[in-house]
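Hi there,

Here is the structure I promised to pass on to you. Have a look at it first, and then read on for what turned up in it.

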Amino acid sequence: MTAWRGFIYMNLSDNNSHSIHDRHTETLIKKQVEEFGWFAALFETEGDSPSFVYTIGLWKTFGAAELILFGLPPSVIHKILANIVAEYVETRTMISERHRYPNVLDDVDVSFLKVHPGHYPNYLGYGVWYNGRKSFPVFQVIVPDRNDRFPWEAEFDHSFNVNEPLLDSLPDDS
């Protein structure tokens, strides 16, 4: 695990990395949030699961929802998150679900889905720890397909970022 521009890289295929690095990671998260107001944890995965990143500290620092984003290169993810934090979080601008937010990264729009709390244990472990296991809101940042359509829009290209889970609801148990 290494830190880079507020990111912690963790390889989820290493079964020991979580227990070995917990104390160090928790200290680093606290220091980064204290200094910058937020922290981004990047989790690299293998196989069909996309890598993902989520923020820690936005809720406590700004009273804003934490953010999670899947499947893009780390440098792109960092720019998108930094732009969202500067444009919407630090200015206390309300973020609405399924609304198009233009030009978050160059000409790329984004949208947001509210993450169902049932997904928190699987994706937001350090965020749950940092927030004292208390309830906090999280938005999933959604990037449109190559034709500028979001997953809930007609003619969305489902082959785009095919492994990205949408975390706004739990899968049916049937």
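How far can you trust it? The mean pLDDT, the predictor's confidence in each residue, is 83 for the protein chain, and 84% of the residues reach 70 or more. Among the elements, strand β8 (residues 138-142) has the highest mean pLDDT, at 95, while strand β1 (residues 3-4) has the lowest, at 38. Over residues 1-5, pLDDT stays under 50, although the model has 15 contacts beyond four places in sequence for them. Where pLDDT is low, the predicted coordinates should not be read in detail.

Now for the chain as a whole. Of its 174 residues, 44% count as buried. If you take the contacts between residues at least 6 apart in sequence, 59% of them join residues at least 24 apart. The accessible surface comes to about 9600 Å², and carbon and sulfur atoms account for 47% of it.

Which residues of helix α3 (residues 74-89) are buried? They are I77, H78, I80, L81, I84, V85, Y88 and V89. Looking down the axis of α3, you will find these buried residues within an arc of 165°, so they line one face of the helix. An α-helix has 3.6 residues a turn, so residues three or four places apart point the same way.

Happy exploring!

Conventions: Residues are numbered from 1 along each chain as its sequence is written. This is a predicted model: local features need pLDDT of at least 70, side-chain atom pairs count only at pLDDT 80 or more; totals for chains, interfaces and linings use all residues. Side-chain values use heavy atoms; hydrogens and water are left out. Buried means under 20% relative accessible area, exposed over 50%, partly exposed in between (1.4 Å probe, protein chains only). Contact means heavy atoms within 4.5 Å. Accessible areas come from the Shrake-Rupley method with a 1.4 Å probe; for residues, only the protein chains shown count as cover. Helices (H or I, at least four residues) and strands (E, at least two) are DSSP runs, numbered from the N terminus. The arc is that of the directions from the helix axis to the C-beta atoms. pLDDT is the predictor's confidence in each residue, from 0 to 100.
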